[in-house]
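Opening the notebook on this one. I'll jot down what I look up as I go.

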Amino acid sequence: FCCWLIRMRYAFPAWPLLVAILIAPCGGAAAPELPTPPSAVEPLRNEDLAELFAAMEASCEASQEVFRPLSAGQMNWRPPDGSHTPRWNADHMTGRQLLFFSQIYAAIDPETHRVVDINPQQMPADYEAAHPDWTGEQEATQMQAGSEYVRGFAALLEGVDLDTKAPGSRWTLRGLRKQMDRHFEEHTANVKKKFALDGWPPQ
């Protein structure tokens, strides 16, 4: 396991934080270890697929920019209406992206990949943060690590029809990319709205 962590560190600079969240309980269960991605990610040959990933990565990066300035206290702030904390939104976005793509990767290469489900509980009262002391910067780094994992194995998708259901998934790759774009935008917009609410904590 230690050797696996060392290889992971050199594969992607953000991996140590993702490893931390993956081996921590989330929603009552520990997630499986992830396979080591390639040390050098080659450009995708399929131009349409490459464009899909570039768009999804841009949406993830735009979300990260909103979270990075936030303090741990701001990440944990629960609005007066009882809705989710900013931290839940960050954990949820990472969790869904990892779940949907690991399902596809596991179906294509089950000997190497397993489904990774670290989705937090959906109801605000049931949510338990895996890392309540993390700042927005750390959460954003985790989001980036999740994006890097997904991109690291995108070569498995070469040859998969973008408009038919992907292996092991209810989504087409084109539909999943659009869903991820909407998901990042929706939850990031929800967090930005909290900044204007009464009681939003100072930095």
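How many residues does H5 have, and how far does H5 reach from its first C-alpha to its last? I get 23 residues and 34 Å, close to the 33 Å expected at 1.5 Å a residue. The expected span here is 1.5 Å times one less than the number of residues. Helices are DSSP runs (H or I, at least four residues), numbered from the N terminus.

Ground rules before going on. This is a predicted model, so I note that local features need pLDDT of at least 70 and side-chain atom pairs count only at pLDDT 80 or more, while totals for chains, interfaces and linings use all residues. Residues are numbered from 1 along each chain as its sequence is written, and side-chain values use heavy atoms, with hydrogens and water left out.

I checked cover on H5 next: 19 of its 23 residues are buried. Buried is under 20% relative accessible area, exposed over 50%, partly exposed in between (1.4 Å probe, protein chains only).

**Salt bridges.** I searched the whole structure and found five (a side-chain nitrogen of Lys or Arg within 4 Å of a carboxyl oxygen of Asp or Glu). Glu137 pairs with Arg68, closest N and O atoms 2.8 Å apart. Glu137 lies in H6 and Arg68 in the loop between H3 and H4, so this pair ties together parts 69 residues apart in sequence. Glu139 to Arg87 comes out at 2.7 Å between the closest N and O atoms. That pair links H6 to H5, 52 residues apart, and both residues are buried.

Which residue does Arg177 bridge to? Asp181, at 2.6 Å between the closest N and O atoms. Arg177 is partly exposed at 25%, whereas Asp181 is buried at 9%. Asp181 also touches Ala55, Met56 and Ser59, again skipping residues up to four places away in sequence.

Conventions:
Contact means heavy atoms within 4.5 Å. Helices (H or I, at least four residues) and strands (E, at least two) are DSSP runs, numbered from the N terminus.
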